[in-house]
Amino acid sequence: FPREVRARASADVRVAKLRAEVRAHPKCEDRALALKECMREVLIEKQSEVAQEFDGIHNVERARRVGSLRQILEPEALRPFLIGQLRDR
């Protein structure tokens with residue numbers, strides 16, 4: 001969800017503050033570099049937040065419930081399941 005991550009990062013108070021400083025002093029390269037670095041760090045934070053939210057909602061059990069998966073196999077059942085599937089073809 002890159003668009004959501006960028007929107008959250010852009011709305012972050014740290015980024016907004018630095019962006020305002022860059023607008024007020026457009027020729028100051030130090031501020032522009034600080035904004036770029038801050039944005040990079042905030043993007044990483046927001047990406048992690050979005051990923052955690054996604055993981056909290058979307059999981060294998062939910063995928064099975066909504067029909068994206070037919071069943072969930074335990075690791076020890078995988079080999080017999082695959083052999084059975086190949087025999088049935």
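1. A quick definition to start: a salt bridge here is a side-chain nitrogen of Lys or Arg within 4 Å of a carboxyl oxygen of Asp or Glu. By that rule glutamate 45 and arginine 14 form one, with their closest N and O atoms 2.8 Å apart. Glutamate 45 sits in helix 3 and arginine 14 in helix 2 (residues 13–24), so this pair ties together parts that are 31 residues apart in sequence. Bear in mind throughout that this is a predicted model.

2. The C-alpha trace spans about 70 × 20 × 20 Å along its principal axes. The radius of gyration is 23 Å, whereas a compact globule of 89 residues would have one near 12 Å.

3. Still, among contacts with a separation of 6 or more, 52% are between residues 24 or more positions apart.

4. Back to the charges. The whole structure has 10 salt bridges. Arginine 8 pairs with glutamate 49, with 3.9 Å between the closest N and O atoms. That pair links distant parts of the chain, since arginine 8 is in helix 1 (residues 2–11) and glutamate 49 in helix 3 (residues 29–57), 41 residues apart. Arginine 8 counts as partly exposed because its relative accessibility is 23%; glutamate 49, at 32%, is partly exposed too.

5. Arginine 14 also has a salt bridge to aspartate 12, at 2.8 Å from N to O. Aspartate 12 counts as buried because its relative accessibility is 9%, while arginine 14 is partly exposed at 37%. Glu4, Arg8, Asp12, Arg14, Glu45, Lys46, Glu49 and Glu53 are linked in a salt-bridge network.

6. What about disulfides, how many are there? A search of the whole structure finds 0. Cysteine 28 is in none, and its nearest cysteine sulfur, on cysteine 38, is 15 Å away. Cysteine 28 is partly exposed at 24% relative accessibility, whereas cysteine 38 is buried at 11%.

7. One surface feature to look at: Val60, Leu69 and Ile72 make a nonpolar patch of about 220 Å². Leucine 69 is in the loop between helix 4 (60–65) and helix 5 (75–87), and counts as partly exposed because its relative accessibility is 35%.

Methods. Residues are numbered from 1 along each chain as its sequence is written. This is a predicted model: local features need pLDDT of at least 70, side-chain atom pairs count only at pLDDT 80 or more; totals for chains, interfaces and linings use all residues. Side-chain values use heavy atoms; hydrogens and water are left out. Patches are made of residues with over 30% relative accessible area and no salt bridge: like charges are joined within 9 Å, nonpolar side chains (Val, Leu, Ile, Met, Phe, Trp, Tyr) within 5 Å. Accessible areas come from the Shrake-Rupley method with a 1.4 Å probe; for residues, only the protein chains shown count as cover. Helices (H or I, at least four residues) and strands (E, at least two) are DSSP runs, numbered from the N terminus. Buried means under 20% relative accessible area, exposed over 50%, partly exposed in between (1.4 Å probe, protein chains only). A disulfide is a pair of cysteine sulfur atoms within 2.5 Å. The radius of gyration is taken over C-alpha atoms; the globule rule is 2.2 Å times the number of residues to the power 0.38. Contact means heavy atoms within 4.5 Å.
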